[in-house]
Amino acid sequence: MLLTITTTHSPATDLGYLLYKHPQKLQSVDLAVGKAHIFYPEATEERCTVALLLDIDPIELIRGKANDSFALSHYVNDRPYVASSFMSVALATGFSTAMNGTCRDKPELVDVKFPLEVTLAVASVRGGETLIRRLFEPLGYTLELENYLLDATVPEWGDSKYFLLKLQHTLRLKDLLSHLYVLMPVLDNDKHYFVNKQEIEKLMDKGKDWLSAHPEKELITKRYLKNIHHLTRQAFEVLMREELPDEEEEMEEENEVVKVVKQKRVSLHYQRLQTVFEKLVASNSKRVLDLGCGEGKLLQLLLRENQFEEILGMDVSHRSLEIAAERLRFDRLPAHVRQRISLIQGSLTYKDKRLQGFDAAALVEVIEHLDLNRLQALEQSVFGFARPKLVLLTTPNAEYNQKYETLIEGKFRHEDHRFEWTRTEFETWTQHITDVFGYEAELFTVGEVDEQVGASSQGVVFKRKV
Ligand code: SAH
């Protein structure tokens, strides 16, 4: 299998400095199961291509495998011929200096964005063209794909899972290498080496600049860690702390200073979830509702705490529930955990018997997704009909929006928001709930409090009086 990287940067031969490999020489690197050869098919000032040819020894591959019985699949398989985790290892071994962002002779090149073109022959892809696009396009690549027939002499058998991939992008070489390192085994969805805890570290290291903002980060993490549940979960936890999931983070994206600060602190959304979670724990509630549970982030926290004997997540969006079920690995939970949680589809604007009899309900960043004229229906259904002893609710503080430089005045933080309230508007509404439904209200904030405009998120704990 062959990987080539071409640049038309001027002078193109700078590629040799960055890779720490001389264009005039053929170099070979020993790998556990074969060799990687690195050479330059072309190296001019205008255009320079480096090739990494992987030569896997099929016999080495099966050596050491516990194979007391003869398994044909040990001998007849595609492993020696497709780009997979072997290619990642070869990449990390052959180009380790470049991947770590070091360049001894011309250190200034490390941060230069080069026009780069990659050819990968052949990639084995579980998930077809759609998957390839989902993985690479969010990172800014332009793709050209060629799908091979299963058997060229029998076209009616259709396409195989083998692709010739061409990727184009202008970016730093070390970023390109880290993308390839992580995504090649993800395409393939297999790994040749034992996946252990170190793999999480590798993933976090190679993905540190881009993975938490990638829309397919869960899929990538899962496949990279080969669906090993406990490893994936640990990785998710790290990502969840780092991720920039909410409106604030998106808007601040271009601000480098903020970015650095942000890496050091916990994302606002995580803070919100954590605050609500802690309040639920402190309340000694046992049976809890997560209303408008979305993709199940709060549910994930709740499930880990045995205090919560019955957890019910509800959302109007079927798709969100699917994602939540996946996040929680619903179908693989041990029976005693599984029986503590249910997900249901429903709308908060209709009275629903399934929501009655609970100790507490959380509505984290939900009400602002409803048209104001439907809010009354939600009030009736939650405070009038379901009537949990405790309701915890958060919503954006509109006054804080002026602190988001990239947010146009008068616009909401998220395109699906129907309203955002000032602190006074929120307080007035909480007052209305206490008056009409017999609850007491205690306000709280999430995030740093600005003297003038308050905190980014505002919340309330409603306690039922009787
Ligand atoms: N609470 C989650 C999700 C917040 S996004 C979290 O904090 O991560 C708002 C969620 O409210 C979305 O998942 C949306 O589908 C849901 N939602 C909007 N209107 C709803 C309604 N009428 N009934 C139930 N859920 C609703």
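# A tour from the aromatic cluster to the ligand

F383, F419, W421, F426, W429, F437, Y439 and F462 come together as one aromatic cluster. Keep in mind as you look around that this is a predicted model. The aromatic pairs of the model number twelve. In one of them, W421 and W429 sit with their centres 5.5 Å apart and their planes at 40 degrees, a tilted arrangement. Both of these tryptophans, W421 and W429, are buried.

## The overall picture

Stepping back, the protein is built from 18 helices and 14 strands. It has 466 residues, and 50% of them count as buried. The exposed surface comes to about 22,700 Å², with carbon and sulfur atoms supplying 49% of it. If you take the contacts between residues at least 6 apart in sequence, 71% of them join residues at least 24 apart.

## Around the ligand

Which residues come closest to the ligand? They are H269, G292, D315, L348 and V364, out of 17 residues that surround the ligand. By type, this shell divides into seven nonpolar, eight polar and two charged residues.

| Residue | Protein atom | Ligand atom | Distance |
|---|---|---|---|
| G292 | polar backbone atom | nitrogen | 2.7 Å |
| D315 | side-chain N or O atom | oxygen | 2.6 Å |
| L348 | backbone N or O atom | nitrogen | 2.9 Å |

Taken alone, the ligand would expose 570 Å², and the protein buries 83% of that.

## E365

Let us move on to E365, a residue of the loop between β11 (360-364) and α17 (372-386). Is E365 buried or exposed? It counts as buried, because its relative accessibility is 9%, below the 20% cut-off for that class. The side chain of E365 reaches the backbone nitrogen of T395 at a distance of 3.2 Å. Setting aside residues up to four places away in sequence, E365 touches R272, T394, T395, P396 and S457. The backbone of E365 deserves a look too: phi is near 55 degrees, a positive value in a residue other than glycine.

R387 also has a positive phi, about 45 degrees, although R387 is not a glycine. This arginine is found in the loop between α17 and β12. With a relative accessible area of 24%, R387 is partly exposed.

## E420

Another glutamate to visit is E420, in the loop between β12 (390-396) and α18 (423-437). E420 counts as buried because its relative accessibility is 8%. Which side chains does the side chain of E420 meet in polar contacts? One is that of N401, at 2.8 Å, and another is that of H417, at 2.6 Å. Leaving aside neighbours within four places in sequence, the contacts of E420 are P396, A398, N401, K411, F412, R413, H414 and E425.

F136 belongs to helix α6 (residues 128-136). The residue is buried, as its relative accessible area is 0%. Not counting residues up to four places away in sequence, F136 touches Y141, L143, L165, L167, L180, L183 and L187. The C-alpha atom of F136 is separated by 9.6 Å from that of H214, a residue 78 places away along the chain.

K465 gives another setting, in the segment after β14 (457-464). K465 counts as exposed because its relative accessibility is 52%, and the cut-off for that class is over 50%. Y439 is one of the members of the aromatic cluster. Between K465 and K389, 76 residues apart along the chain, the C-alpha separation is 8.1 Å.

## Two cis peptide bonds

Finally, where do cis peptide bonds turn up? One joins S10 and P11, with omega about -5 degrees. P11 is found in the loop between β1 (2-7) and α1 (14-19). Another joins A121 and V122, with omega about 0 degrees. V122 has its place in strand β5 (residues 114-124).

Conventions. Residues are numbered from 1 along each chain as its sequence is written. This is a predicted model: local features need pLDDT of at least 70, side-chain atom pairs count only at pLDDT 80 or more; totals for chains, interfaces and linings use all residues. Side-chain values use heavy atoms; hydrogens and water are left out. A residue is near a molecule or strand if one of its heavy atoms lies within 4 Å of it. A polar contact is a pair of N or O atoms within 3.5 Å; within protein, one must be able to donate a hydrogen and the other to accept it, and residues adjacent in sequence count only if both atoms are side-chain atoms. Accessible areas come from the Shrake-Rupley method with a 1.4 Å probe; for residues, only the protein chains shown count as cover. Ala, Val, Leu, Ile, Met, Phe, Trp, Tyr, Cys and Pro count as nonpolar, Asp, Glu, Lys and Arg as charged, and the others, Gly among them, as polar. Helices (H or I, at least four residues) and strands (E, at least two) are DSSP runs, numbered from the N terminus. Buried means under 20% relative accessible area, exposed over 50%, partly exposed in between (1.4 Å probe, protein chains only). Contact means heavy atoms within 4.5 Å. Rings of Phe, Tyr and Trp (its six-membered ring) pair if their centres lie within 6.5 Å; planes under 30 degrees apart count as stacked, over 60 as edge-to-face and the rest as tilted.
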